Amino acid sequence: MTDRPAPPEKSWTPLTEAGRGILDAVAADPSSVLLALDFDGTLAPIVDDPADSVMAQESRDAMSRMDGKLATMAIVTGREVAAVRRMTAVDDVPGLEHLVVLGQYGVERYDAASGALRDPEVPDSVRIAKGRLEQLAEELGQQDPRDVGCRIEDKGRAVALHTRRAADPAHALASAVPRVREIAEELDLHCEDGRNIIELKSAVTTKAQALRELIDEVEPRVVIMCGDDLGDVPALEVISEWIGQGHPGARVVSYSDEQPSMADHADIICDQTEGVSSLLNAIADRVCFTK
């Protein structure tokens, strides 16, 4: 377990030189900044039912202030693009007209400015996996009362088993993981672990690949990546390499006691989504008041 300090309540704190210098780096040239953010647990609070997730209004307002002023502002998520478009209201509420959404770890893409959408077909293996996971969730509850309450989330090209609503979430996850991995092996699918969740996806893609593609496309001077869970670690490692090469950047972690080891990957640590909102407002202040 990490011994790094927890962030201030509803706020954020830098942990490294890169973190301490990021606001000045942004202010020096906002138009050269690539800001990439995870969705669940970073821009939207974690909720029992993923379908009820909504982007924090404070973060949306801060991002709206920066819209069109940065090189690129992108959401990089395991969710479907369609779900993120709904949960951010990007098409219905003004303010995020230049947002890029990379869904399913970059398999899907939506550019709000042009309306361009990349949306590949769902493989049969994922459809089969959904039925298998639904059966597994039922069996787990029948075999042990601690595992009652597992639910399945259909994510298009991926399907996930959530244990957050189970009677004992940690026990349910421990019970489910080996059996989900067996299903993945049978169907040639890839497993992705997270907070009270295990996900099966068809493409062996990561947020690191999605972020690298954005960097190659945008050619930024400053790169910031914000995340909260194990699936974000590969992208945070891309930022670590970026900083190691002498470029300005920051790894931002939305910290939760459910994943304390995430603090080891942070240049800036935030008190969950409220802390991220506070940081985004600080960045927006520097962007908007730069002469």
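Predicted model: local features only at pLDDT ≥ 70, side-chain atom pairs only at ≥ 80, totals over all residues.
Let me start with the overall layout, in which the protein is divided into domain 1, made of residues 12-120 together with 205-289, and domain 2, which covers residues 124-201. Taken over C-alpha atoms, the centres of domain 1 and domain 2 are separated by 27 Å, and the contact between them draws on 24 residues from domain 1 and 17 residues from domain 2. Putting the two domains together buries about 1,700 Å², and carbon and sulfur atoms contribute 41% of that area. As for the polar side of this interface, the count between domain 1 and domain 2 comes to eight salt bridges, and there are also 14 residue pairs in polar contact, counting pairs in which both residues are at pLDDT 80 or more.

Now to the threonine, Thr-77, which sits in the loop that runs between strand 3, residues 72-76, and helix 4, residues 81-88. Is Thr-77 buried or exposed? Its relative accessible area is 2%, and because the cut-off for buried is under 20%, Thr-77 counts as buried. Leaving aside residues up to four places away in sequence, Thr-77 touches Phe-39, Val-84, Leu-102, Gly-103, Gln-104, Tyr-105 and Lys-207. A polar atom of the Thr-77 side chain also lies 3.0 Å from the backbone nitrogen of Arg-79.

My last item is helix 8, which spans residues 233-244, has twelve residues, and reaches 16 Å from its first C-alpha to its last, close to the 16 Å expected at 1.5 Å a residue. Which residues of helix 8 are buried? They are Val-233, Ala-235, Leu-236, Val-238, Ile-239 and Trp-242. As a reminder for reading that list, an α-helix has 3.6 residues a turn, so residues three or four places apart point the same way. The elements that cover these buried residues include helix 7 at 207-218, strand 11 at 222-227 and strand 12 at 249-255. After helix 8 comes Gly-246, whose phi is positive, near 95°.

Conventions
Residues numbered from 1 in each chain as written. Heavy atoms only, no water. Helix = DSSP H or I, 4+ residues; strand = E, 2+ residues; numbered from the N terminus. Expected span 1.5 Å × (residues − 1). Buried < 20%, exposed > 50% of the residue type's maximum accessible area, 1.4 Å probe, protein only. Contact = heavy atoms within 4.5 Å. Domains from an automatic or database assignment. Buried area = accessible area lost by both parts, 1.4 Å probe. Salt bridge = Lys/Arg side-chain N within 4 Å of Asp/Glu carboxyl O. Polar contact = N/O pair within 3.5 Å; in protein donor to acceptor, adjacent residues only side chain to side chain.
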